[in-house]
Amino acid sequence: MGKDKLRRFEENKTFPNLFQASYDEVFQKDHPLKGLWKQKVFGNENPLVLELGCGKGEYTLALARRNREVNYIGIDIKGARLWRGAKTSQQEGLKNVAFIRTRIELIESFFAPSEVNAVWITFPDPQPRKENKRLTSARFLERYLNFLVPHAQIHLKTDSRSLYDFTREVVRGWPGMILLESDPDIYNGKRMPDDPVITVRTFYEKQFLEQGKAITYLKFSTGNLSRVNPEEA
Ligand SMILES: C[S@@+](CC[C@H](N)C(=O)[O-])C[C@H]1O[C@@H](n2cnc3c(N)ncnc32)[C@H](O)[C@@H]1O
């Protein structure tokens, strides 16, 4: 492992807003902050939004700068990438940002019913051969329903036309899910200049744009499908 990566891993341990849990700590077990992120980490009752596969956390940071009354958590398995997001949030003194290093397969160990208001999925691996590993497959959406509020919005940005088409079909075929936006080319000039779908460009997005790829976007709502917090039901 390179020295730079080792240095970042060491520094990751010092960030108060970066949470790392080993597989054994959360496999079929709840993380100690499950249900308590707003209260214990952010110290408020503001809505909570996740970015899944956040890499360096461009969306987490950009949306947090823009919406100070919303809490954001970026999630990824790669510590060296999360270091960038955590470092920037510290340097800028952003109080409404945190990061979790974990596998998204274990996400239900981190969040309780109705704890999360929205999800951004930014340039996930398209997993052309393994449908169940796609972050927008039914298997993953079922997991998200366990912690999303009713009518939560899920945003997908991807350069993969096949993942875009696949996700659209999953949403359309799922009674109760509502497709809100479906855009096969976000830079076709039809969006408002301050729309975060086009103003925030992630590390991977810039590379895909240089390769001349179209960037697609889907927004959909979970309707009434979420498993609501029993206290709120
Ligand atoms: C193609 S990169 C995109 C990163 C960032 N969103 C961007 O647009 O620059 C996909 C990211 O998802 C993360 N990832 C993929 N599968 C994951 C999983 N099962 N759990 C956690 N992170 C995952 C990878 O570590 C990687 O950082």
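What follows is a chat about salt bridges.

Visitor: Ground rules before we start?
Guide: It's a predicted model, where local features need pLDDT of at least 70, side-chain atom pairs count only at pLDDT 80 or more, and totals for chains, interfaces and linings use all residues. Residues are numbered from 1 along each chain as its sequence is written, and side-chain values use heavy atoms, with hydrogens and water left out.

Visitor: How many salt bridges does a search of the whole structure find?
Guide: The search gives 18, each being a side-chain nitrogen of Lys or Arg within 4 Å of a carboxyl oxygen of Asp or Glu.

Visitor: Which residue does Lys13 meet in a salt bridge?
Guide: Glu10, at 2.7 Å, N to O.

Visitor: Is Lys13 buried or exposed?
Guide: Lys13 is exposed, at 59% relative accessibility. Buried means under 20% relative accessible area, exposed over 50%, and partly exposed in between (1.4 Å probe, protein chains only). Glu10 is partly exposed at 47%.

Visitor: And what does the side chain of Arg65 meet?
Guide: Glu92, 2.8 Å from N to O. That pair links distant parts of the chain, 27 residues apart: Arg65 is in helix α4 (58-66), Glu92 in the loop between α5 and β4. Helices (H or I, at least four residues) and strands (E, at least two) are DSSP runs, numbered from the N terminus.

Visitor: What about Arg227?
Guide: Arg227 bridges to Glu142 at 2.6 Å, N to O. Arg227 lies in the segment after β8 and Glu142 in helix α6, so the pair ties together parts 85 residues apart in sequence.

Visitor: Which residues are linked in a network?
Guide: Glu181, Asp183, Arg191, Asp195 and Lys219, through salt bridges.
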